[in-house]
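Work through these exercises with the model open. Each task is followed by its solution.

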Amino acid sequence: MAIDGPVASGKSAVGRALARRLGYRFIDTGLMYRAVAWAALCRGVDPEDGEGLAELARNLDIELQWGPEGEGGRVLIGGRDVTGLLRSPEVERIVSAVSARPEVRRVLVEKQRRLAEAGPVVMVGRDIGTVVLPDADFKVFLTASAEERARRRYLERLAQGEPTDYEAVLAEVKRRDEYDSSRPVAPLKPAPDSLVFNTDGLGLEEVVERLLGLICRQDG
């Protein structure tokens, strides 16, 4: 199953819940790009150095962990759990630039396809249905207004005790949307055969139940 969508559209939460309900593994490919961005910061690799980033990604020992019911989201690099470091402001500032590099995408797409070959999976990202798993059995593109997505990200950061400002978060969301949608390699867009699902005003469980209903109807 492929789930795509813009920043803060609920991909990870919905994908994780669907994986748990279906008994699938869950893979958030965005965490892989964040892992490369974090490693680049640590090792002094320029975010615009495509070949340097690709070499880093190729040799980076990234391990994504998920639980027995499909839950996941922990990221280990060289055995070290770095999950809590991947959404830092420093990583946030460069992750779009890192993920836009075609050299990096080629390396990580290959790794993502190998992960998908291991068995049933819910994979989320920005180019899963269009590039990584174009033959996925079910594709959905989750979206919501920029204001709603900024509100979610703002509340998430407040809950984590992180000082933040709603207007700044909204500006960041809009900047990410523009960047991700206009990049020349694997731009953010729904696959032609993807279901576009707007989550404005819907809670997590409501989104999950509706999608499960659609999946069951498709399988039937």
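**Exercise 1. List the contacts of Val75 beyond its neighbours within four places in sequence.**

Solution. Contact means heavy atoms within 4.5 Å. Leaving those neighbours aside, Val75 touches Leu31, Ala35, Ile62, Glu63, Leu64, Arg80, Asp81, Val82, Thr83 and Leu86. The model is predicted: local features need pLDDT of at least 70, side-chain atom pairs pLDDT 80 or more, while totals for chains, interfaces and linings use all residues. Residues are numbered from 1 along each chain as its sequence is written, and side-chain values use heavy atoms, without hydrogens and water.

**Exercise 2. Which residues touch the most other members of the largest nonpolar core?**

Solution. Take buried (under 20% relative accessible area, 1.4 Å probe, protein chains only) Ala, Val, Leu, Ile, Met, Phe, Trp, Tyr and Cys, joined through side-chain atoms within 4.5 Å. The largest such core has 37 residues, and Val36 and Val75 touch the most other members. Elements giving two or more residues include helix H2 (29-43) and strand E4 (72-77). Helices (H or I, at least four residues) and strands (E, at least two) are DSSP runs, numbered from the N terminus. H2 gives the most, nine residues.

**Exercise 3. How do the lining residues of the second largest pocket divide by class?**

Solution. A pocket is an open set of points on a 1 Å grid over the protein atoms alone, where a 1.4 Å probe fits, with protein on both sides within 12 Å along at least five of seven lines; lining residues have an atom within 4 Å of a point. Here 16 residues line the pocket; closest to its centre are Met1, Tyr24, Val121, Asp137 and Phe138. The count is eleven nonpolar, two polar and three charged.

Definitions and conventions
Buried means under 20% relative accessible area, exposed over 50%, partly exposed in between (1.4 Å probe, protein chains only). Ala, Val, Leu, Ile, Met, Phe, Trp, Tyr, Cys and Pro count as nonpolar, Asp, Glu, Lys and Arg as charged, and the others, Gly among them, as polar.
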